[in-house]
Amino acid sequence: MSHPGDLWASLPVPTVVLGPGDLIVDINSAAEGFFNTSAKALRGLPIWDQLAVDAPLEDSVARARKNGTPLFVNDVDVGNGQRAPLQCALQIAPLVDAPDHLLLMISPRELAGRMTQNHSVKSAAKSAIGMAEMLAHEIKNPLAGITGAAQLLSMNLDPQDLELTDLIVEEGRRIVKLLEQVEQFGNLSPPDMKAVNIHDVLDRARRSALLGFGAHMNIIEDYDPSLPLAYGDPDQLLQVVLNLLKNASEVAPQSGGKIRLHSYFEHSFRLRRSDGTGQSLPLQVEIIDDGPGLPEAIAADIFDPFVSGKENGTGLGLALVSKIISDHGGWISVTSVPGRTVFRLSLPRAPKSAPPATQPKD
């Protein structure tokens, strides 16, 4: 069968032609990016062996083929076995000139709704952070005086009373540390955008983790060697990956756990912003751990400031990660069930004119 080559190649969403028996006849270039496989490798294979859909579709597709009617399926999780599923809309329609063939279009859900929905939340969070920064500045000076006075007082106390002054000093230092983390949001410089080999960043983070907080973990590299350069600030991206590795390491048992660093290229991933503009974010990095997963009560708000699933956690680590990725024009998401938590970073590709990055700092 034939199709206009230029039109077929320019279709912006992954599209598959299915023959009898739901065998793959052809796929366009966007679908090659979605499946991370060439059209040549997929031709003749059953589509349902290559596409994981969280819905019973085979009977519906058979009816659409038999009756010559289109089929629309909204908001289903679709994956290809190589990465976390995406929520997509599926459109299936018989071809006019070949009724025994179907056209399957896979449209990853546009993120505009989520961006718009989160806009007011993020604005409120930004205001809260601004107020917290102001309070942090005002509180730190008198708090230092209180801590210093407690230390002076302890010099003239009996040993049995030192526990109280030690408590004042310890809690004072803990509050100062929290205030410094809050101030970090306001002091974070805009990213110095350069062409970055994201694998260099991942390798540096992996080595640092294994020498420190992640010494008990098994951190596995699963990289796409053909991945092009990303566009970002290597130092800030290093901070993001280190924070995610640290979180995964801290919730793992002392006997250890497994973290997989997975990179791949997804041609069809595009972020539509609330102002109507869009940006292609084809470089994907996943930090996957086999820990207990996120507490269900906070999973939806995990990137908001002061939300934490850890005892004595400040709830600022993931909020900072989200801010850095947002400042890069990227996107961060998470899926989590017990035994598998996936933090996914979606980043822009470096333009040809971008200056090269230096090695990220420790």
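1. Six strands make up an open sheet, ordered β2-β1-β6-β5-β4-β3, with antiparallel pairing. Strands are DSSP runs of E with at least two residues, and helices are runs of H or I with at least four, numbered from the N terminus; two strands pair if DSSP finds at least two bridges between them. At the edges are β2 (24-27) and β3 (52-53), each of which pairs on one side only.

2. The model is predicted: local features need pLDDT of at least 70, side-chain atom pairs count only at pLDDT 80 or more, and totals for chains, interfaces and linings use all residues. Residues are numbered from 1 along each chain as its sequence is written, and side-chain values use heavy atoms, with hydrogens and water left out.

3. Strand β1 (residues 15-18) runs antiparallel to β2 and is joined to it by three bridges. In this pair, V16 stands opposite I27 of β2.

4. Helix α5 (residues 58-67) lies across β1, β4 (71-79), β5 (86-95) and β6 (98-108), at about 135° to β6. Angles run from 0 to 180 degrees between N-to-C directions, with axes fitted to C-alpha atoms, for helices over the stretch in contact; contact means heavy atoms within 4.5 Å.

5. A five-stranded open sheet has the order β8-β10-β13-β15-β14 and mixed pairing. Its edge strands, β8 (218-222) and β14 (331-337), each pair on one side only.

6. Strands β13 (residues 283-289) and β15 (residues 340-347) pair in the antiparallel sense over seven bridges. Here Q284 is opposite S346 in β15. Helix α8 (residues 198-210) packs on this sheet, touching β8, β10 (258-265), β13 and β15, and its direction makes about 170° with that of β8.
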